[in-house]
Amino acid sequence: MRGRIPEKFIDELLARVDIVDVIQERVPLKRAGRDWSARCPFHDERSPSFTVSPAKQFYHCFGCGAHGSAIGFLMNYDRLEFPDAVEELASRAGLKVEYEGGREAPREDSTDLYNILEAAAAFFRRQLGANEMAQNYFADRGLDDATIAKFNLGYAPDQWDALKNALGTSAQRIALMEKAGMLTSGERGSKYDRFRHRVMFPILDRRGRTIAFGGRVLVKEDTPKYLNSPETPLFHKGRELFGLWQVREAHQKIPRLIVVEGYMDVISLHQFGVPQAVATLGTATTRDHAEILFRQCADVYFCFDGDRAGRQAAWRAVESVLPRMRDGRQAMFLFVPDGEDPDTLIRQEGTKGFEERLRNATPLSEFFFAEISKDVNLTSLDGRARLAERARPMLAQIPDGAFRDLMTGELDRLTGVHVQIADAPTDAAAVKHASAKPQQRSLVRSAVALLVQSPQLGAAMEPPWTFAELRQPGIPLLVELIALCRDRPDITTGSLLEHFAEREEARALQKLAVMDFPGGEDEARAEFLDALRQLERQTQLQRRGEIEAKIRESGLAGLSEVEKNELRVLQATIDRGAARSE
């Protein structure tokens with residue numbers, strides 16, 4: 001969805017809003033020189049380490065590392081998804097969000113879809129009050145009236161066209177109901193209600209709007225037992241969590257999230273005093289789910305059956321969570337006894353008993369190594385080698401930090417050897433390595449950091465850039481940054497970081513955005529240009545080395561006249577540069 005909002009619109013939006021105003025409406029800021037400061041809203045601290053830069057349109061916490069643009073702040077503080085944060089800021093700035101197409105519809109084009117789904121939810125709720133069988137089902141499950149109202153539970157009548165007739169039979173209304181997933185087609189193209197004779201569970205998005213439904217049969221012989229809405233412009237099951245809206249309503253700051261498998265598990269936990277439960281929607285935990293979960297809070301518990309299927313589901317969760325395991329985040333795994341589920345457990349053991357199970361949950365690290373080594377003979381060299389080979393690519397997905405180091409250390413302990421966990425050979429790895437050692441002021445690192453902090457430096461750079469040929473980590477990224485700044489001359493630090501938000505380079509660039517440089521704008525420009533001149537000189541030395549290697553291989557006669565002239569020019573240029581530096 002991020003890619004379907006043009007970057008030029010993002011630039012214009014971030015230029016129209018002042019990040020200081022956006023944050024100050026939520027967090028009290030105080031002047032601190034050119035910037036503003038506060039105690040960080042994302043972690044507990046006694047003294048302010050959270051700064052907001054109006055010049056860079058960027059915020060950063062030196063305590064927990066939180067950072068980003070005004071969009072990123074709304075995503076983290078208001079827990080919005082990217083398009084919703086953009087919509088929020090656009091409304092503030094009086095702009096209409098531009099979309100480039102795709103199946104996700106912009107909000108203004110989806111109003112009718114939201115309205116038809118809200119009308120369907122109201123219809124199902126009214127029908128619940130008129131159907132004794134559906135009422136008895138919820139009563140037998142022990143739900144009280146407040147919980148039924150909290151989750152807006154309902155009932156779909158045992159008729160083919162009850163909803164269709166209730167919401168309207170005009171061609172436009174039927175088209176909307178079909179687009180919203182509420183109708184399905186018969187053999188001859190006739191349209192009829194998708195949900196019939198089922199208790200209904202509305203699925204809400206993170207803004208509390210109905211976007212889909214889940215329905216459970218009331219007669220055992222009916223199939224399938226659970227039926228969800230199909231994928232629609234508003235509903236993508238791999239990105240939604242049942243109950244998340246109710247969790248957010250119950251907490252100003254969510255302390256933890258508990259991922260369970262069923263609607264009734266979620267609802268019962270909420271009713272019995274554990275209002276942090278959510279559920280995936282008939283699908284395994286995806287990476288999108290993992291990102292959404294950790295955006296809400298740092299501690300996530302996965303609660304699955306203890307059988308083979310439950311452990312397989314837990315392992316899929318591990319695969320999705322590992323790339324999101326930044327320092328400070330925790331994932332725990334709770335396996336319930338055979339024949340039980342969270343719904344039955346909390347009724348039998350009460351809140352106190354369920355909380356005790358959570359306290360004894362298995363940490364991700366313990367579950368990871370137990371599962372990955374369960375059929376490996378660690379007493380043999382071959383077994384330990386197999387374990388290392390299995391674990392290495394998975395641990396490489398963990399973001400750089402203490403958790404990754406500790407996981408790697410545990411693998412070393414189990415195998416008895418140091419296992420090298422290599423980053424992918426990208427510019428992100430090169431910049432990350434440089435940014436991890438502040439005392440090393442490499443030319444590329446300095447140039448990238450200066451450009452991130454002052455994008456206008458790149459806007460004035462005329463091509464060609466000879467250093468683009470330099471075979472050195474980070475050069476392709478530097479060239480890309482300069483081209484980006486030239487193409488978007490009004491880009492700010494905040495906008496630039498939004499451009500890289502979903503790329504591997506993002507975290508490294510965010511660190512460089514707060515790197516200290518002495519002096520003001522003139523000193524920054526001078527250091528930037530000097531770094532580029534030195535990179536150009538290194539490029540010349542690299543090319544001279546290539547030609548000299550050719551001479552050593554085939555003699556001077558092996559050079560073309562063009563190469564001989566190039567060597568003379570290179571030597572003269574290098575000599576002049578050396579003379580100036582003395």
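**A sheet, some cysteines and a helix pair**

Strands E3 (residues 50-53) and E4 (residues 58-61) run antiparallel and are joined by 4 bridges. This is a predicted model, where local features need pLDDT of at least 70, side-chain atom pairs count only at pLDDT 80 or more, and totals for chains, interfaces and linings use all residues. Residues are numbered from 1 along each chain as its sequence is written, and side-chain values use heavy atoms, with hydrogens and water left out.

Me: Which residue in E4 does threonine 51 stand opposite?
Reply: Start with the strands, which are DSSP runs of E with at least two residues, numbered from the N terminus (helices are H or I runs of at least four). Strands E3 and E4 are antiparallel. Across from threonine 51, E4 has histidine 60.

Me: Which strands stand at the edges of the sheet?
Reply: Pairing takes at least two bridges found by DSSP between two strands. The open sheet has 5 strands in the order E1-E2-E3-E4-E5, with antiparallel pairing. Each edge strand has a single partner, so one side is left without a neighbour in the sheet; these are E1 (30-32) and E5 (67-68).

Me: How far from cysteine 40 is the nearest cysteine sulfur?
Reply: The structure holds 0 disulfides, a disulfide being a pair of cysteine sulfur atoms within 2.5 Å. Cysteine 40 is in none, and its nearest cysteine sulfur belongs to cysteine 61, at 3.6 Å.

Me: Is cysteine 303 buried or exposed?
Reply: Its closest cysteine sulfur, in cysteine 297, is 15 Å away, too far for a bond. For accessibility, buried is under 20% relative accessible area, exposed is over 50%, and partly exposed is in between (1.4 Å probe, protein chains only). Cysteine 303 has 2% relative accessibility, so it counts as buried.

Me: At what angle do the axes of helix H3 and helix H4 cross?
Reply: The axes are lines fitted to C-alpha atoms over the stretch in contact, with angles from 0 to 180 degrees between N-to-C directions. H3 (residues 70-77) and H4 (residues 82-93) have axes that come within 9 Å and cross at roughly 115°.

Me: Which residues of H4 make the contact with H3?
Reply: Contact here means heavy atoms within 4.5 Å. H3 brings Ala70, Ile71, Leu74 and Met75, while H4 brings Phe82, Ala85, Val86, Glu88 and Leu89.
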